Amino acid sequence: MNLRDITMEDFKEGLEVTRTVIIPYGTVEEHGTHLPLSTDTLVVNEVVKRVAEEVKVFIAPPIHYGVCTSTSQHPGTLGISPATLRRITVDIVKGARAKGLRGFILISGHAGGLHLAAMREAGESLVGELEDIGMAVISIYGLVQRDAISIAETENDSHAGELETSLVLYLAGGLVKGRSKKEYPELPKPFIVRDKIKHWPGGVWGDPEAASVDKGRMLFRIMVDKVVGVVRDMENLRLTDS
Ligand SMILES: [Zn+2]
């Protein structure tokens, strides 16, 4: 049940079946020269659409802007602040709760540390304030981390690398423009540098050449299965959690 498409009557009837909603989070962010700026949104949105075909759950339109740090200076990245992400999360969850929803699964297609921290912070404050809700905050890549390592042929694969490229090849192959060169960022941690592009010119973390449609299909399936599991757990645990 996609909130984008259903009517108010459908919504009311849907509440008889489930009180859980999945809210996907993406970004507008550079993904090398070969993947679209909407990659994170695209992947997570396709996952939740498929999940909703397999289990009764509401899905919300994606929050298309996210918190980007390492890629903040690259062309095309349009980020928002953690404070904005927290506020929009709190507002949407409270709005949905007022309409009868009680289980909230926030899933991010973007694995940025500050981005996920903002989502978790909002989740924590909502759980503290509202005693009748269930809350899960998930990074879609964190959820499949072990499986991802076994599917990837290259080590230390991440942003716009082997697996993310595979997912976009599988889900929207027409949007993939060739392949960026293999690259790993050389950001001198623990320092926070001003000129991020100097240390990470191509904006790619991994080897896109190793990507394939099959790897994308495999990883996508695992993502869907894991999220279906979280929906079931939410439905089973939500009312007993205290
Ligand atoms: Zn991404």
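Reader: Is the crossing of α2 with α7 left-handed or right-handed?

Author: α2 passes α7 in a left-handed crossing. A crossing is left-handed if the near helix is turned anticlockwise from the far one by less than a right angle, and right-handed if clockwise. This is a predicted model: local features need pLDDT of at least 70, side-chain atom pairs count only at pLDDT 80 or more, and totals for chains, interfaces and linings use all residues. Residues are numbered from 1 along each chain as its sequence is written, and side-chain values use heavy atoms, leaving out hydrogens and water.

Reader: At what angle do α2 and α7 pack?

Author: Two packed helices are described by the angle between their axes and the distance between the axes. Here α2 (residues 39–54) and α7 (residues 162–172) pack at about 60 degrees, with axes 10 Å apart. That makes α2 oblique to α7 (under 35 degrees is roughly parallel, over 145 roughly antiparallel, 65 to 115 roughly perpendicular, the rest oblique).

Reader: What classes of residue form the contact of α2 with α7?

Author: Seven are nonpolar, one is polar and four are charged. Asp, Glu, Lys and Arg count as charged; Ala, Val, Leu, Ile, Met, Phe, Trp, Tyr, Cys and Pro as nonpolar; the others, Gly among them, as polar.

Reader: How does α2 pass α9?

Author: α2 passes α9 in a right-handed crossing. The axes of α2 and α9 (residues 213–237) come within 9 Å and cross at roughly 60 degrees. The contact of α2 with α9 has nine nonpolar, no polar and five charged residues.

How values were computed: Axes are lines fitted to C-alpha atoms, for helices over the stretch in contact, and angles run from 0 to 180 degrees between N-to-C directions. Helices (H or I, at least four residues) and strands (E, at least two) are DSSP runs, numbered from the N terminus.
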